[in-house]
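Please study the sequence and the structure before reading each solution.

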Amino acid sequence: MDHLLNSWVPIAYSKEVATSPIQVIVAGIQIAVWRGSNNRICAIHDRCSHRGALLSRGTIIGDHIRCPYHGLQFDGKGVCSSHSVVSIGNIRCSKNLQYFHCRDDFGVLWITRNSSALFPLSALLPLTFIIKYQISDNISCNAYDLLENLLDVAHFPFVHATTFSNPGVAVNADAVIYAETDYGFDCTYTLPIVPSGDFKSLVSAEAYEVAVVGRFIAPLTQLFYVSYNTGLKYASVQCVLPISATETRFLQFAFSESVSDGAADQALLLADHAIWLEDKAVLESIQRHVEPDWSGVRLEFNEPHSVHLAKAFRRLHQT
Ligand code: FES
Ligand SMILES: [Fe+2]
């Protein structure tokens, strides 16, 4: 799963990194993340190169992170920049640590180790958009299963019958792929909506078709635009963060151009959260015993764009 970090991986919301360092785990790799003195985000391997203590339990000193064990300091490039201030013994930095390029955009922290990785969201999402909500949750399932779920329309009539889908009608999965990109693809499709529950306040018809513009960004992010017939237009981003083979973090955040409509924003949050809980329940019932293949060669996603997905993953693997 190591090559996932060849592209931008969403690791946390910006607000989660304040004055103290935190640890994030990406596919088993422990990473210390902190904000330097000028608010700059830094991310390096979370193991001190002296005795392997967790740097994320250390202290921020200016732009550096100080190891909690013997006080070695590392900068945002993983360079051990000062010997321990402790004069006893022979505490020396043996090697520098792996570091990650960081971005703090759209209220989310993104990291990659590939300096030439594109940042694809910015091409589609104007920075003037206003954040409407942020959802995050941990789920006991494999990241591969969650990613498949987010792209799969076949489960809608069964899993989402009490939010937006029609229990009696299969969703037409025909999508138009209008661009293949270096990191995924862009598509459009129509989604039949039969609102119930929290969804009812979002739309004003018993049933209608909503146009969706979607962008898949390998390996772990998808963005889609929808506009409802009440005039509500928004962009939603869904991110999958693999922690281990059986544990995954889900981040979903939405934007719109409208400055303030508290009631509509609240309805959107409730509806999307209800959908997430429906997915979570079924995903946590899955017991997959085989480690999925992320290389893209044998991707067998249960969704209509498998060929394009497989290509995107292969490109990433070869980067
Ligand atoms: S383990 Fe970090 S300075 Fe010794
Ligand atoms: Fe779903």
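**Exercise 1.** Determine which residues of H4 are buried and how they are arranged about the helix axis.

*Solution.* The model is a predicted one. Step one is to list the buried residues of H4, namely Leu268, Ala271, Asp272, Ile275 and Glu278. Step two is to look down the axis of H4: these buried residues fall within an arc of 110°, so they line one face of the helix. Step three is to turn to the other side of H4, where Gly262, Ala263, Leu277 and Ala281 are exposed. Finally, the cover over the buried residues of H4 includes S11, helix H3 (156-159), S16 and S17.

**Exercise 2.** State how the reach of H4 relates to the expected value.

*Solution.* H4 contains 22 residues. From its first C-alpha to its last, H4 reaches 31 Å, which is close to the 32 Å expected at 1.5 Å a residue.

**Exercise 3.** Is Leu270 buried, partly exposed or exposed?

*Solution.* Leu270 belongs to helix H4. A buried residue needs 20 or more other C-beta atoms within 10 Å, and an exposed one has 12 or fewer. Leu270 has 17 such atoms within 10 Å, and is therefore partly exposed. The C-alpha atom of Leu270 is separated by 9.6 Å from that of Gly197, a residue 73 residues apart along the chain.

**Exercise 4.** Identify the buried residues of H2 and name elements that cover them.

*Solution.* In helix H2 (residues 143-151), the buried residues are Ala143, Tyr144, Leu146, Leu147, Glu148 and Asn149. Among the elements covering them are strands S11 (130-139), S16 (233-244) and S17 (247-256), and helix H4 (262-283).

Definitions and conventions. Residues are numbered from 1 along each chain as its sequence is written. Chains are lettered from A and ligands numbered from 1 in the order in which they are written. This is a predicted model: local features need pLDDT of at least 70, side-chain atom pairs count only at pLDDT 80 or more; totals for chains, interfaces and linings use all residues. Helices (H or I, at least four residues) and strands (E, at least two) are DSSP runs, numbered from the N terminus. Two residues are in contact if their C-beta atoms, placed from the backbone, lie within 7 Å. The expected span of a helix is 1.5 Å times one less than its number of residues. The arc is that of the directions from the helix axis to the C-beta atoms.
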